[in-house]
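Please walk through the model below one region at a time. The account starts from a single residue and then moves through the sheets, the loops and the side-chain contacts.

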Amino acid sequence: MPKPVVLIAEELSPATVDALGPDFDVRYCDGADRAQLLSAITDVDAILVRSATQVDAEAVAAATRLRVIARAGVGLDNVDIPAATKAGAMVVNAPTSNITSAAELTVALILASARNVASANAALKGGKWARSKYTGIELDGKTVGIVGLGRIGALVAARLLPFGVKLLAFDPYVQAGKAAQIGAQLVTLDELLAASDFITVHMPKTPETIGLIGEEALRKVKPTVRIVNVARGGLVDEAALAAAIKEGRVAGAGIDVYAKEPCTDSPLFEFDSVVVTPHLGASTEEAQEKAGIAVARSVRQALAGELVPDAVNVQGGTIAEDVRPGLPLAEKLGRLFTGLAGGGAQQLDVVVAGEITQHDVKVLELSALKGVFADVVEGSVSYVNAPLLAQERGLEVRLTTTSESPDYRNVVTVRGTLASGEVVSVSGTLSGPKHVEKIVDINGFTVDLAVSEHSAFFRYVDRPGVVGLVGGLLGECGINIAGMQVSRSAKGGETLMALAVDSEIPAEVLAEISDAVGASWGRAVSLP
């Protein structure tokens with residue numbers, strides 16, 4: 001089998017390639033060169049980028065077998081996530097790789113702004129000894145307002161507390177108790193603006209947060225305040241900030257990110273009291289190595305068919321270790337359902353019962369849905385586009401969980417209602433320490449059959465001789481039976497025969513057996 005192809009489109013740390021390991025055909029291109037990118041991406045399974053490569057709809061369309069887009073960093077502005085989702089490509093990033101580096105640069109810009117480091121450095125190198133001109137202020141006793149108390153905001157708080165500052169925080173999604181644990185007092189944005197000597201922003205960039213620190217906010221601050229932004233360009237309105245500094249309403253700033261990048265011309269650059277850096281928040285050797293290793297591991301997981309917790313366009317979230325072994329089972333149950341149904345469903349229920357429901361089992365619904373469409377649509381079906389396929393087909397999908405499972409430790413059921421009103425269901429469980437996959441129920445008939453690559457199911461009225469008849473007909477065709485279960489509602493009543501066989505049963509053989517046993521229903525299912 002050829003190795004999956006991984007395209008590295010920008011310079012990444014050597015540790016990234018080491019983390020990928022020897023199981024991939026690793027290729028390289030200059031992702032900033034559009035023609036080179038579109039040519040190189042055509043036959044790759046995964047692409048690794050940083051910020052310079054635009055993986056837009058055109059690039060996604062050019063990639064005929066792309067399964068993973070990995071951004072070795074936090075932001076995803078250069079990836080067309082809707083186009084990737086429609087194509088079934090998982091988009092992953094490294095959300096925690098740069099948080100320490102970003103927090104440290106925030107503190108560096110606060111200190112540099114407080115002590116006029118950049119302008120004093122430039123003056124001295126220019127031959128001027130101007131001690132009195134660059135008198136600064138201490139952090140001790142000052143109030144620092146942190147706008148956004150997420151992972152980076154919390155790290156900034158932890159690093160600033162030893163300086164003897166008072167911390168205020170604004171974050172509508174954080175409880176006062178959590179802020180207090182970090183050492184900050186939770187306040188409104190207006191209260192933070194009015195009381196802070198330094199304001200540092202750590203919000204995500206959304207329509208609601210763009211321009212959050214703009215003209216209106218900058219009318220509410222102390223004239224001695226200094227504004228720091230190492231988060232996202234646009235959160236601080238650069239023109240409004242420049243006007244406030246020029247008018248003496250703001251004392252200074254430390255800016256690392258800009259609304260448009262690269263940025264080599266800004267009204268903020270004319271002020272000695274503004275310290276600027278060219279988006280260096282993640283630019284440390286450690287952050288780059290962490291990001292590369294993180295996305296390399298995600299690529300390995302994704303190309304192995306696993307769900308990746310850091311995938312941004314998958315609904316499953318983090319997978320508990322107790323849930324992970326059930327993913328292949330749920331997918332196979334989904335494929336079995338489609339084979340048994342013989343057509344599309346209008347409503348699909350995924351029911352998870354047992355101890356496993358103490359964890360988030362949303363991913364089992366995704367796995368089942370992935371299996372339902374695996375043999376139905378052209379092209380690849382993934383955890384990414386399976387919900388989209390359901391939506392496009394008007395399939396209503398519901399996940400139900402219950403801790404009660406009287407017969408098995410855990411059991412997963414895929415049940416669907418067809419257009420005819422018929423209900424088809426299949427249930428399975430994992431047995432023993434080796435997690436043997438077993439089918440335990442088909443349409444209400446109890447069975448105990450190991451999941452097989454090839455299986456067949458017949459429903460008929462119970463009578464003597466059927467088992468021998470079926471075995472004989474399969475034997476004549478050279479098809480060996482690996483396992484068989486017969487389940488009946490009552491003696492002489494409706495009966496289900498479930499068989500695991502060693503090879504695929506041709507359609508004509510299935511029809512012959514169905515006729516011979518008078519089956520009201522016969523299905524053969526293969527799970528390649």
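Asn116 has a relative accessible area of 14% and is therefore buried. The model is a predicted one, and in it Asn116 sits in the loop between helix H5 (99-114) and H6. Its phi is near 55°, a positive value in a residue other than glycine. Most residues other than glycine have a negative phi, and most peptide bonds are trans. Asn443 also has a positive phi, near 50°. This residue belongs to the loop between strand S17 (436-442) and strand S18 (445-450). Asn443 counts as buried because its relative accessibility is 19%, and the cut-off for buried is under 20%.

Beyond H6 the chain reaches another loop. Lys133 is placed between helix H6 (117-125) and strand S6 (143-147). With 57% relative accessibility, Lys133 counts as exposed.

What is the strand order of the open sheet of 7 strands? The order is S8-S7-S6-S9-S10-S11-S12, and the pairing is parallel. Strand S8 (184-186) and S12 stand at the edges; each has a single partner strand, so one side of each lacks a neighbour in the sheet. From one strand to the next, the twist averages 20°. Within this sheet, strand S9 (residues 198-201) pairs with strand S10 (residues 226-229) in the parallel sense, over 4 bridges. Opposite Thr200 stands Val228 in S10. Helix H11 (residues 238-246) packs on the sheet and touches S10, S11 and S12, with its direction at about 150° to that of S11. Helix H7 (residues 151-160) lies across S6, strand S7 (166-170) and S9, and runs at about 165° to S6.

The structure contains 1 aromatic pair. The ring centres of Tyr258 and Phe269 are 6.2 Å apart and the ring planes stand at 85°, so this pair is edge-to-face. Both Tyr258 and Phe269 are in the loop between strand S11 (252-255) and strand S12 (274-276), 11 residues apart. Is Tyr258 buried or exposed? Tyr258 counts as buried, at 5% relative accessibility, whereas Phe269, at 32%, counts as partly exposed.

S13 runs antiparallel to strand S15 (residues 410-418), and 9 bridges join the two.

A contact between a charge and a ring involves Lys370 and Tyr383. Lys370 lies over the face of Tyr383, at 5.2 Å from the ring centre.

The remaining region carries a record annotation. In an unreviewed entry, UniProt lists residues 455-528 as "domain: ACT". This span is 30% helix and 39% strand, and its end C-alpha atoms lie 12 Å apart.

An open sheet of 4 strands has the order S20-S21-S19-S22, with antiparallel pairing. Which strands stand at its edges? They are strand S20 (481-488) and strand S22 (521-526); each has a single partner strand, so one side of each is left without a neighbour in the sheet. The twist averages 10° from one strand to the next. Strand S19 (residues 454-461) pairs with S22 in the antiparallel sense, over 6 bridges. Ser455 has Val525 as its bridge partner in S22. Helix H13 (residues 326-341) lies across S19 and S22, and its course is at about 145° to S22.

Note on methods
Residues are numbered from 1 along each chain as its sequence is written. This is a predicted model: local features need pLDDT of at least 70, side-chain atom pairs count only at pLDDT 80 or more; totals for chains, interfaces and linings use all residues. Side-chain values use heavy atoms; hydrogens and water are left out. Rings of Phe, Tyr and Trp (its six-membered ring) pair if their centres lie within 6.5 Å; planes under 30 degrees apart count as stacked, over 60 as edge-to-face and the rest as tilted. Buried means under 20% relative accessible area, exposed over 50%, partly exposed in between (1.4 Å probe, protein chains only). A charge sits over a ring if NZ of Lys or CZ of Arg is within 6 Å of the ring centre and within 35 degrees of the ring normal. Two strands pair if DSSP finds at least two bridges between them. Axes are lines fitted to C-alpha atoms, for helices over the stretch in contact, and angles run from 0 to 180 degrees between N-to-C directions. Contact means heavy atoms within 4.5 Å. UniProt positions are given in the numbering used here, feature names are shortened, and annotations may be inferred rather than shown by experiment.
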